[in-house]
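Student: I would like to go through this model term by term. Please set each value against its cut-off.

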Amino acid sequence: MYSGKIRQILLITDGCSNHGEDPIAMAALAREEGITVNVIGVMDHDVIDEKGMTEIEGIALSGGGVSQIVYAERLAHTVQMVTRKAMTQTLQGVINKELKQILGNSQTIEDLPPEKRGEVMEVVDELGETVELEVLILVDTSASMKQKLPTVKEAILDLSISLNARTGDNYYSVYVFPGKKNNVEMLLDWTPKLQSLTSIFSQLFTGGITPTGPALRTALSAFNQKQSLRSLLSRDDESYFEESM
């Protein structure tokens, strides 16, 4: 049974990056480190900039994730759908890798007979409910996002309610870009609860620039720091256990 965890970055933006490094290259780096990058483009008045749309699709493709363009009022449903879809996609990738090792290079889930495929998809669904999930949410707070932020807040809270139905552990972290003082700012450190966002969101500063690349780089660091802390704590536990013997 798959004993790893699923790590996702969920980027919510309404336009094109215009500051710092290339976000598509940063998404590729995330994918190399086993982190999926999903992107939701929030559309305004039937229009989303074509350049922005290309970038949104490019980031998700490069990050091995899912992209979706959506009207603000459909955001809550889309955030849940994209997160779930990306989880299934990741788990299918893991199982395909296992199948290739067992059955040879040509075999994937799609190559299996229908009844076997059904059994494998049941395993994928079960893992989707039980595996540990870490989601780092990156929210674009450039000037054009100002009116959409209340909807973004509701969508994030809806996501946590939806994922709380899983039996697996969920951990969330929220970063915004640009921040008040820096390109990227942490709004909420890793936590199993997103409810504390309610009070913070109303105080958000909105700025003109869109530093998507630096935001993705910071998100990667946040995952790496969490990983380092976890291994440090587990080492401490081991040494305590050894001393107690």
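**Sheet, helices and one buried serine**

Tutor: We start with the open sheet of 6 strands, in the order E3-E2-E1-E4-E5-E6, with mixed pairing. Strands are DSSP runs of E, at least two residues; helices are runs of H or I, at least four; both are numbered from the N terminus. This is a predicted model: local features need pLDDT of at least 70, side-chain atom pairs count only at pLDDT 80 or more, and totals for chains, interfaces and linings use all residues. Residues are numbered from 1 along each chain as its sequence is written, and side-chain values use heavy atoms, with hydrogens and water left out.

Student: What makes E3 and E6 edge strands?

Tutor: Strand E3 (64-71) and strand E6 (185-191) each pair on one side only. Two strands pair if DSSP finds at least two bridges between them.

Student: How do you know that E4 and E5 pair?

Tutor: Strand E4 (residues 132-140) and strand E5 (residues 170-177) are joined by 8 bridges. The definition asks for at least two, so they pair. The two strands run parallel.

Student: Why are H1 and H2 called roughly parallel?

Tutor: Helix H1 (residues 23-32) and helix H2 (residues 50-62) pack at about 20 degrees, with axes 7 Å apart. Axes are lines fitted to C-alpha atoms, for helices over the stretch in contact; angles run from 0 to 180 degrees between N-to-C directions. Under 35 degrees counts as roughly parallel, over 145 as roughly antiparallel, 65 to 115 as roughly perpendicular, the rest as oblique. H1 and H2 are therefore roughly parallel.

Student: Which residues of H1 and H2 meet?

Tutor: Pro-23, Ile-24, Ala-27, Ala-28 and Arg-31 in H1 meet Glu-55, Gly-58, Ile-59, Leu-61 and Ser-62 in H2. Contact means heavy atoms within 4.5 Å. By class there are 6 nonpolar, 2 polar and 2 charged residues. Nonpolar covers Ala, Val, Leu, Ile, Met, Phe, Trp, Tyr, Cys and Pro; charged covers Asp, Glu, Lys and Arg; the others, Gly among them, are polar.

Student: Why is Ser-162 called buried?

Tutor: The relative accessible area of Ser-162 is 18%. Buried means under 20%, exposed over 50%, partly exposed in between (1.4 Å probe, protein chains only). So Ser-162 is buried. Ser-162 lies in helix H5 (residues 149-163).

Student: What does Ser-162 touch, not counting residues up to four places away in sequence?

Tutor: Ser-162 touches Gln-80 and Arg-84.
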